[in-house]
Amino acid sequence: MTKELHNELYQITFAGRILEGFNDAEVRENVQALFRISDERTASLFSGTTKTLKSGLSHADALVYHERLTKAGADVHIAKQPAAVVNPKLETDSAQPPASSDAEPATATPAGPQQETPLEFTGNGREYFGIWIVNILLTIVTLGIYSAWATVRNNQYFYGNTKLDGASFQYLGSPITILKGRLIALAVLVVYVVLSEMYVEAAVVFAIAFIPLVPWIMVRSLRFNAVNSA
């Protein structure tokens, strides 16, 4: 693996689309607050035309912008900045950048010589055992409710102890969101069990109707992990 991500510049693009679970007015207000722009400028961002919100970013800085805007409900994308683009006019040129939860984005790192950078894992079995046993006990005591928090703790431990070029990864998932998803899955399972006991034919129809939803559920799960990984 090389330091290619450090040598290339990236940009944040936005086509006016919002993420599922948000409403249009809420996202517009969030984006306007993050960038501190006028109502007219905000309206132009949601016109449906793909616009560049920010360019000239390192990959790390682009991830910070992506994280903040995604939490605001905006369906933004990270793209490599074309090499031919020099000081492009940005849609949010005069706006304030969204702040990271830790620090303001740094300036882009200039290109330099490439070198191989291996992944490094700094965790150990004894340390993780303490997390694992607490997760198990609390999950049992809370009848499974704590399992969402256990998942977040596990991921945060493994992400935080996985490093690349001295920088560790982050898991940003919310246990409340995970719990809601599991409760919905549990409700679907209960409905299926009840139908199978009372109306076998209805249970079969229910199972067949559920099959086309499996790919969508898998994609949503992968999307959730990707959006909440930094």
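Reply: A residue is called buried under 20% relative accessible area, exposed over 50% and partly exposed in between (1.4 Å probe, protein chains only). The present structure is a predicted model, in which local features need pLDDT of at least 70 and side-chain atom pairs count only at pLDDT 80 or more, while totals for chains, interfaces and linings use all residues. Residues are numbered from 1 along each chain as its sequence is written, and side-chain values use heavy atoms, with hydrogens and water left out.

Me: Is Leu143 buried or exposed?

Reply: Leu143 has a relative accessible area of 80%, so it is exposed. It lies in the loop between α5 and α6. Helices (H or I, at least four residues) and strands (E, at least two) are DSSP runs, numbered from the N terminus.

Me: What is the phi of Leu143?

Reply: Most residues other than glycine have a negative phi. Leu143 has a phi near 55°, which is positive although the residue is not glycine. Arg36 also has a positive phi, near 55°, and is likewise a residue other than glycine. Arg36 sits in the loop between α2 and α3 (39-45), and it counts as exposed because its relative accessible area is 65%.

Me: How many helices and strands are there in the protein chain, and what percentage of its residues count as buried?

Reply: The protein chain has 9 helices and 6 strands. Of its 230 residues, 27% count as buried. Contact means heavy atoms within 4.5 Å. Among contacts between residues at least 6 apart in sequence, 76% join residues at least 24 apart.

Me: Which residues have the most contacts inside the largest nonpolar core?

Reply: In soluble globular proteins, nonpolar side chains tend to be buried together. A nonpolar core is a set of buried Ala, Val, Leu, Ile, Met, Phe, Trp, Tyr and Cys residues joined through side-chain atoms within 4.5 Å. The largest such core has 18 residues, and Ile12, Leu53 and Leu69 have the most contacts inside it. Two or more residues of this core come from each of β1 (10-18), α2 (24-35), β2 (51-57), α4 (59-71) and β3 (74-80). The largest share, 4 residues, is given by α2. Another core, of 5 residues, lies apart from this one and includes Ala148, Tyr171, Ile178 and Leu179.

Me: What are the buried residues of α6, and which elements do they pack against?

Reply: The buried residues of α6 are Ser147, Ala148, Ala150, Val152, Asn154 and Tyr157. They pack against β4, α5 (125-141) and α7 (175-198). The expected span of a helix is 1.5 Å times one less than its number of residues. For the 14 residues of α6 this gives 20 Å, and the end C-alpha atoms are 20 Å apart, which agrees.

Me: How many aromatic pairs are found in the whole structure?

Reply: A pair of aromatic rings is described by the distance of the centres and the angle of the planes. Rings of Phe, Tyr and Trp (its six-membered ring) pair if their centres lie within 6.5 Å; planes under 30 degrees apart are stacked, over 60 edge-to-face, and the rest tilted. A search of the whole structure finds 9 aromatic pairs. In Phe121 and Phe158 the ring centres are 6.1 Å apart and the planes lie at 20°, so this pair is stacked. The pair links distant parts of the chain, 37 residues apart, with Phe121 in strand β4 (residues 119-121) and Phe158 in helix α6 (residues 147-160). Phe121 is partly exposed at 43% relative accessibility, and Phe158 is partly exposed at 36%. Phe121, Tyr128, Tyr157 and Phe158 form one aromatic cluster.

Me: At what angle do α7 and α8 pack?

Reply: Two packed helices are described by the angle between their axes and the distance between the axes. Axes are lines fitted to C-alpha atoms, for helices over the stretch in contact, and angles run from 0 to 180 degrees between N-to-C directions. Helices α7 and α8 (residues 200-210) pack at about 145°, with axes 6 Å apart. Val188, Val191, Tyr192, Leu195, Ser196 and Met198 in α7 meet Val200, Ala202, Ala203, Phe206, Ala207 and Phe210 in α8. The residues of this contact comprise 11 nonpolar, 1 polar and no charged (Ala, Val, Leu, Ile, Met, Phe, Trp, Tyr, Cys and Pro are nonpolar, Asp, Glu, Lys and Arg charged, and the others, Gly among them, polar).

Me: Where is Asn228 found?

Reply: Asn228 is in the segment after α9 (213-227), and at 12% relative accessibility it counts as buried. Leaving aside neighbours within four places in sequence, Asn228 is in contact with Gln170, Tyr171, Leu172 and Gly173.
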